[in-house]
Amino acid sequence: MAASLEEILSSHRTGRPVVMGVLNVTPDSFSDGGTFFDPASAVAQAARMVAEGADIIDIGSESTRPGSDRVGPQEQIRRIEPVLPEVSRLGVLVSIDTTRAEVAAFALAAGARIINDVSAGRDDPGIFELAARHDAALALMHMLGQPKSMQADPRYDDVVREVCDFLAARLAAAEAAGVRPDRCIVDPGIGFGKRLEHNLALLAHVAALRQLGPPVLVGPSRKRFIGELTGEQLPANRLGGSIAACLAAYRAGATIFRVHEVAPVVQAFAITRAIDQALGARSGAPAEQ
Ligand code: HH2
């Protein structure tokens, strides 16, 4: 059973892993650019991910890969218009991956319930007020700089502390604009202005982000750090690394996972949870005789 919005927003308390399937309606995304640019293939891919057990479909119409150019709100809306209402009709929770309030407003009117803002409200502060007005869930992600230049020379003194401080400040800004804290999700932004060691530190120290309060979302799927560690050049061949990163982040306290391949990740979590339950059953109170 797919999770409800309330189950997703309380996943950090229940430990339920939530799988968010990526749907890039773009010609140029880093791992699947162009594959789902055609509306019919995008809707078919969403239906496939729903059948595979996705709890959320995250629809994006602007690539944020390193070096990418921005796409204006009108063009973003033009791209999602034939897709988002159809995906919403599948009965799955829809999230809109955008930094622009105009695009998010269109998506919410067409059935989306979650705004996934990789700029955490810095590109367009109107997104906070919009989320508050619609009581939408709001994912706030850390990014150092802008996609065009973020990988040029990312530096931190203490990446985990700086990402936590940034997210705490953005949570406060969202709350000041009327967003309820219990509608927020935080995300360390794997690959967004980070070197290999930064990505690994953030995945290892999700527990520090958990201290902020909201559930933690991570998006390691197919990203460059997996290629750097393994030599695998093709993003589509990075499934093993993607699953390992999700499971490690789950162990550290993350509960929402943004992934390109849903079925293998759902399977990995089914096994992880069954083993966790076996552990709990054995180490719990001894059964009465
Ligand atoms: N990563 C990407 C896009 N959106 N949103 C959140 N919350 N967290 C992430 O880690 C994240 C995200 C980049 O991945 P992808 O959508 O596959 O590529 P592109 O930006 O090239 O479309």
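I looked up Thr255 and found that this residue counts as buried, because its relative accessibility is 3%. Buried means under 20% relative accessible area, exposed over 50%, and partly exposed in between, with a 1.4 Å probe and protein chains only. The model is predicted, so I note that local features need pLDDT of at least 70 and side-chain atom pairs count only at pLDDT 80 or more, while totals for chains, interfaces and linings use all residues. Residues are numbered from 1 along each chain as its sequence is written, and side-chain values use heavy atoms, with hydrogens and water left out.

**Thr255, continued**

I placed Thr255 in the loop between α12 (239-252) and β8 (256-259). Helices (H or I, at least four residues) and strands (E, at least two) are DSSP runs, numbered from the N terminus. Leaving out residues up to four places away in sequence, I listed what Thr255 touches: Ser11, His12, Gly15, Arg16, Pro17, Val18, Pro215, Val216 and Tyr250. Contact here means heavy atoms within 4.5 Å. The side chains of Thr255 and Ser11 are joined by a polar contact of 2.8 Å. A polar contact is a pair of N or O atoms within 3.5 Å; within protein, one must be able to donate a hydrogen and the other to accept it, and residues adjacent in sequence count only if both atoms are side-chain atoms.

**Ligand**

I then asked which residues come nearest to the ligand. Of the 17 residues around the ligand, they are Ser29, Ser63, Asp187, Lys223 and His260; a residue is near if one of its heavy atoms lies within 4 Å. An N or O atom in the side chain of Ser29 is 2.5 Å from an oxygen atom of the ligand. For Phe30, a backbone N or O atom lies 3.0 Å from a ligand oxygen atom. A nitrogen atom of the ligand has a polar side-chain atom of Asp97 at 2.9 Å.

I read off a volume of about 550 Å³ for the largest pocket. Its lining has 36 residues, of which Phe30, Arg65, Pro66, Phe192 and Lys223 are the closest to its centre. On a 1 Å grid over the protein atoms alone, a pocket is an open set of points where a 1.4 Å probe fits, with protein on both sides within 12 Å along at least five of seven lines; lining residues have an atom within 4 Å of a point. Grid points are joined across faces, edges and corners, and a volume is the space filled by probe spheres set on the points. α11 gives the most to this largest pocket's lining, with 3 residues.

The second largest pocket has a volume of about 200 Å³. I found Arg16 and Pro17 among the residues that line the second largest pocket. Helix α13 (residues 262-283) gives the most to that lining, with 4 residues.

I checked Ala120, which sits in the loop between β4 (114-117) and α7 (126-134). Phi of Ala120 is near 55°, a positive value in a residue other than glycine. Ala120 counts as buried, because its relative accessibility is 0%.

Asp135 is in the loop between α7 and β5 (137-141), and its phi is near 50°. With a relative accessible area of 31%, Asp135 is partly exposed.

Pro181 lies in the loop between α8 (159-176) and β6 (184-187). Pro181 is partly exposed at 45% relative accessible area. I noted 8.4 Å between the C-alpha atoms of Pro181 and Gly213, which are 32 residues apart along the chain.
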